[in-house]
Amino acid sequence: MAYPDDLLSEQEHVVVHSHPHFKMLIFPTLVFLVTLGAGTWLAILAKDASSPWNSVGLIAIGVVALVLIVWLFLAPLVRWRTTHFIVTTDRLIAREGVLKRTGIDIPMGRINSVQFEHGLLDRVFGCGTLIIESASDEPLRFEDIPHVEKVHTVIYREVNDNPYDDYRPGPQQTEPLPPQGGRPPRGDRRR
């Protein structure tokens, strides 16, 4: 889902838009599978109970399974889906929440430094933590950012806005740097 264009200012474009890495859904998915398996096994056992207790057992198993699935699987899934990390040409945007929505916007001009860190497990999954130092008291940490090194580089380039360090595929769109030391380039020297 793209970030709504009507929330962007003029000449502002989305550079990166991502949700947290899917690794945050591994535990909820395991809980979902275990709950379904255990619920099915217990339902088969409850069917063998005597007449009034088999219905009570099936209802109790269904209610407990439903609560576990909603609390430990659906809530994290919705939380993941409604968490956004966006880098535009003008600012960094973070939004999260369903009922209580929170967000932060950091103008690119206010970012002092950008760092990333990722342990072994994060490197296996291709994600990490992005640390942004801005005018605030403490650095802001954004966890489980997919392709954190690439996002780090994109933010660095947007902050510095140096036309000579931007990667542009295809023909050069910038003027070459003037030669250093007053000497003409090698091919232009007269002998």
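Analyst: A patch here is made of residues with over 30% relative accessible area and no salt bridge, nonpolar side chains being joined within 5 Å. In this predicted model, F22, I26, L30 and L33 make a nonpolar surface patch of about 380 Å². I26 lies in helix α1, which spans residues 26–47. Its relative accessible area is 33%, so I26 counts as partly exposed.

The sheet itself is open and has 4 strands, in the order β1-β2-β3-β4, with antiparallel pairing. β1 (14–18) and β4 (102–107) are at the edges; each has a single partner strand, so one side of each lacks a neighbour in the sheet. On average, and with direction ignored, neighbouring strands are turned by 10° against each other.

Within the sheet, β2 (residues 84–88) pairs with β3 (residues 91–96) in the antiparallel sense, over 4 bridges. F85 has A94 in β3 as its bridge partner. Helix α4, residues 148–160, packs on the sheet and touches β1, β2 and β3. The direction of α4 makes about 35° with that of β2.

Turning to another helix, α2 covers residues 51–81 and contains L58. L58 is partly exposed, because its relative accessible area is 35%. Leaving aside residues up to four places away in sequence, L58 touches A43 and A46. L58 and A43 are 15 residues apart along the chain, and their C-alpha atoms are separated by 5.8 Å.

Notes
Residues are numbered from 1 along each chain as its sequence is written. This is a predicted model: local features need pLDDT of at least 70, side-chain atom pairs count only at pLDDT 80 or more; totals for chains, interfaces and linings use all residues. Side-chain values use heavy atoms; hydrogens and water are left out. Patches are made of residues with over 30% relative accessible area and no salt bridge: like charges are joined within 9 Å, nonpolar side chains (Val, Leu, Ile, Met, Phe, Trp, Tyr) within 5 Å. Accessible areas come from the Shrake-Rupley method with a 1.4 Å probe; for residues, only the protein chains shown count as cover. A salt bridge is a side-chain nitrogen of Lys or Arg within 4 Å of a carboxyl oxygen of Asp or Glu. Helices (H or I, at least four residues) and strands (E, at least two) are DSSP runs, numbered from the N terminus. Buried means under 20% relative accessible area, exposed over 50%, partly exposed in between (1.4 Å probe, protein chains only). Two strands pair if DSSP finds at least two bridges between them. Axes are lines fitted to C-alpha atoms, for helices over the stretch in contact, and angles run from 0 to 180 degrees between N-to-C directions. Contact means heavy atoms within 4.5 Å.
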